[in-house]
Amino acid sequence: MARRNRYRELENLLTRVLLADVAVFLLYLLFAGLGVGFLKWTLAIVAIVGSGVFAGLLYLNGEWRKRRSQWMFMGFAAILLCTLVSLITRYPAPGI
């Protein structure tokens, strides 16, 4: 029973972190589209580091292989990948 409660606590924490990471990514897209460079880069770094750290945490715990936790791992990986692709392609960019 204690093992299940520990997983439930981890799931609740990582769900909140994933939602916060999504909010940071959306703010990144907003400020990138507006052309605010400092906030764009700051939020991109926060999104990349946050997603990488928590995807790494799931990897180190071995949870990334378990069906019950794959959605969290894929969520962090998707935010990480989308942020990197957005930085490489410079999208969105302010209209000229």
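Me: Which side chain meets Arg-68 in a salt bridge?
Reply: Glu-63, at 3.0 Å, N to O. A salt bridge here is a side-chain nitrogen of Lys or Arg within 4 Å of a carboxyl oxygen of Asp or Glu. This is a predicted model: local features need pLDDT of at least 70, side-chain atom pairs count only at pLDDT 80 or more, and totals for chains, interfaces and linings use all residues. Residues are numbered from 1 along each chain as its sequence is written, and side-chain values use heavy atoms, with hydrogens and water left out.

Me: What else does Glu-63 form a salt bridge with?
Reply: Lys-66, with the closest N and O atoms 3.6 Å apart.

Me: Is Glu-63 buried or exposed?
Reply: Buried, because its relative accessible area is 5%. Buried means under 20% relative accessible area, exposed over 50%, partly exposed in between (1.4 Å probe, protein chains only). Arg-68 is partly exposed at 39%, and Lys-66 is partly exposed at 34%.

Me: How many salt bridges in the whole structure?
Reply: The search finds 3. One of them joins the side chains of Arg-8 and Glu-11, at 2.9 Å, N to O. These two are 3 residues apart in helix H1, so about one helical turn separates them. Helices (H or I, at least four residues) and strands (E, at least two) are DSSP runs, numbered from the N terminus.

Me: Switching to the core. Which residues touch the most other members?
Reply: Leu-14, Tyr-28, Leu-58, Met-72 and Phe-76, in the largest nonpolar core, which has 19 residues. Such a core is a set of buried Ala, Val, Leu, Ile, Met, Phe, Trp, Tyr and Cys residues joined through side-chain atoms within 4.5 Å.

Me: Which elements give two or more residues to this core?
Reply: H1 (2-34), H2 (37-61) and H3 (70-89). The largest share, 9 residues, comes from H1.

Me: What does Leu-14 touch?
Reply: Phe-54, Leu-57, Leu-58, Met-72 and Phe-76, leaving out residues up to four places away in sequence. Contact means heavy atoms within 4.5 Å.

Me: And Thr-83, buried or exposed?
Reply: Buried, because its relative accessibility is 0%. Thr-83 lies in H3.

Me: What about confidence? What is the mean pLDDT?
Reply: 92 for the protein, and 96% of its residues reach 70 or more. pLDDT is the predictor's confidence in each residue, from 0 to 100. Among the elements, H3 has the highest mean (96) and H1 the lowest (92).
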